[in-house]
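Hello,

Here is the structure we talked about. My notes follow below it.

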Amino acid sequence: MPHIVHLMRSIVDDFHAWPLVDLLSVSEEGAHAARCQTSCYRCIQRFGNRRYHGLLDWRLGIAYLRAMVMPGYTCGLSQYDGRFPEMAGWREHATALAETAARMRPGALIASIHAPSGLPCLLEQGRSGPGSAIVVVHPLWSTQGDAGLALAGGEDVRFIDTFELERRPLRALEMARGVGRQGNDEGPTPSNTCRHHDTPALPGAR
């Protein structure tokens, strides 16, 4: 077990060894991390894993491992997490995803910032103006119970994570719309639970 922990620590912290030496490389085309948000053939995509290209995400993989070996890691909930390569620019990317989703539903959704959490969100538009918010969160954040209420700031919101919003935005929006504030939902969906039972869900409270 100590050997495995040491190996995982080296994966997330050693900038001179694989995978970070490749993921954070800079070539004549520019910085890989600036051009690749999830995966590409210059990092973890291969012909042999082409069936899973839509699921591969080097940032999420590094975050998952760091959460397992680094106590107190909040995966972007703390301002200090921005120093980690997997979290650099996450909020900006989440904002861009929200804006793209809003353009898919013109007149029905508006990209905005959720005041209590400071996170990007999508405001549903009704006849009387802006309605409830769909807050964009990281896939490893817990949005259940007290953690979800803390992120919501006591408001009636829904959650959608960037993994789903990146890959199947329209389907993810429909799933998010079908679930109310945490504690009042009718069952688990990809938008408000961890994708795997062994995923280390991180607290939603700041």
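This is a predicted model: local features need pLDDT of at least 70, side-chain atom pairs count only at pLDDT 80 or more; totals for chains, interfaces and linings use all residues.

H7 gives the most, with four.

Next, the aromatics. There are two aromatic pairs in the structure. Tyr-73 and Phe-84 pair edge-to-face, 5.5 Å centre to centre, with 80° between the planes. Both residues lie in the loop between H4 and H5, so this pair ties together parts 11 residues apart in sequence. Tyr-73 and Phe-84 are buried.

The other pair is Trp-90 with Trp-141. Their ring centres are 5.2 Å apart and the planes stand at 55°, so the pair is tilted. Trp-90 is in helix H5 and Trp-141 in the loop between strand S5 (129-137) and helix H6 (145-152), so parts 51 residues apart in sequence are tied together. Trp-90 is buried at 9% relative accessible area, and Trp-141 is buried at 4%.

Two arginines sit over rings. The charged end of Arg-66 is over Tyr-73, 5.9 Å from the ring centre. Arg-50 lies over the face of Phe-47, at 3.9 Å from the ring centre.

Last, Thr-74, in the loop between helix H4 (58-69) and helix H5 (90-104). A polar atom of its side chain lies 3.0 Å from the backbone nitrogen of Ser-78. The C-alpha atoms of Thr-74 and Leu-140 are 9.1 Å apart, across 66 residues of chain.

Best wishes

Notes: Residues are numbered from 1 along each chain as its sequence is written. Side-chain values use heavy atoms; hydrogens and water are left out. Helices (H or I, at least four residues) and strands (E, at least two) are DSSP runs, numbered from the N terminus. A polar contact is a pair of N or O atoms within 3.5 Å; within protein, one must be able to donate a hydrogen and the other to accept it, and residues adjacent in sequence count only if both atoms are side-chain atoms. Rings of Phe, Tyr and Trp (its six-membered ring) pair if their centres lie within 6.5 Å; planes under 30 degrees apart count as stacked, over 60 as edge-to-face and the rest as tilted. Buried means under 20% relative accessible area, exposed over 50%, partly exposed in between (1.4 Å probe, protein chains only). A charge sits over a ring if NZ of Lys or CZ of Arg is within 6 Å of the ring centre and within 35 degrees of the ring normal.
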